[in-house]
Amino acid sequence: MLLGLLGFGLVEPVLAHDFKAGELRVDHPYATPSAPGLKTGAVYFRAIRNRGAQNDRLLSASTPVAARVEIHRMQMDGDVMRMRAVDAVDLPAKSEVKLRHGAQDGHHLMLFELNAPLKDGDRFPVTLRFERAGTHAVMVWVQTPRRIGTASPTSEHRH
């Protein structure tokens, strides 16, 4: 699946990559490999930086590799990680918002009804829709993240 796009990326799959969307910089979009048989996956970003003087918001996302995409917020409730869909992610002016795996309070994009499992080394496009910056496509790299905490990178998201 889209392996032909890898080129030299196979040699160094963790190279930093970012995309500009108006005053926003989308830094290192990545997805974790999905476990066999699961129809869900997740996309993260090292950060979205708003270099502008005005606030913006991430409103939605879409991708051809999944039937639908939702923005989810992860938050600890005592010893339990809770995840729920939210309408948007606020991107305050002159700030940076991290959307990383393993975060105890943060956001990610949840992919539903994947066409095929996400495998290390794959790449796929995601279209992001922002309130002010408009619609922009980014390329997402599938990679096994460095270990953070005790969660397995392919563990199922439970809601």
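**Salt bridges and ring contacts in a predicted model**

Good morning. I begin with Pro33, which is placed in the loop between strand 2 (24-31) and strand 3 (40-50). Strands here are DSSP runs of E with at least two residues, and helices are runs of H or I with at least four, both numbered from the N terminus. Please note that this is a predicted model, in which local features need pLDDT of at least 70, side-chain atom pairs count only at pLDDT 80 or more, and totals for chains, interfaces and linings use all residues. Residues are numbered from 1 along each chain as its sequence is written, and side-chain values use heavy atoms, with hydrogens and water left out.

Is Pro33 buried or exposed? Pro33 counts as buried, because its relative accessibility is 9%. The cut-offs are as follows: buried means under 20% relative accessible area, exposed means over 50%, and partly exposed lies in between, with a 1.4 Å probe and protein chains only. Pro33 and Lys119 are 86 residues apart along the chain, yet 4.9 Å separates their C-alpha atoms.

I turn now to the salt bridges. A salt bridge is a side-chain nitrogen of Lys or Arg within 4 Å of a carboxyl oxygen of Asp or Glu. How many does a search of the whole structure find? The search finds seven salt bridges. One of them joins the side chains of Asp18 and Arg25, at 3.7 Å from N to O. Asp18 is partly exposed, at 39% relative accessible area.

Another salt bridge links Arg49 to Asp27, with 3.1 Å between the closest N and O atoms. Since Arg49 belongs to strand 3 and Asp27 to strand 2, the pair ties together parts that are 22 residues apart in sequence. Arg49 is partly exposed, with 24% relative accessible area, whereas Asp27 counts as buried at 7%.

A further salt bridge is formed by the side chains of Glu113 and Arg68, at 3.5 Å from N to O. Glu113 lies in strand 9 (residues 105-114) and Arg68 in strand 5 (residues 66-77), so this pair ties together parts that are 45 residues apart in sequence. Both count as partly exposed, Glu113 at 48% and Arg68 at 38%. Shared partners also join Asp27, Arg46, Arg49 and Glu96 into one network of salt bridges.

Finally, Arg68 has a ring contact: its charged end sits over the ring of Phe112, 4.2 Å from the centre. This term requires NZ of Lys or CZ of Arg within 6 Å of the ring centre and within 35 degrees of the ring normal. Thank you.
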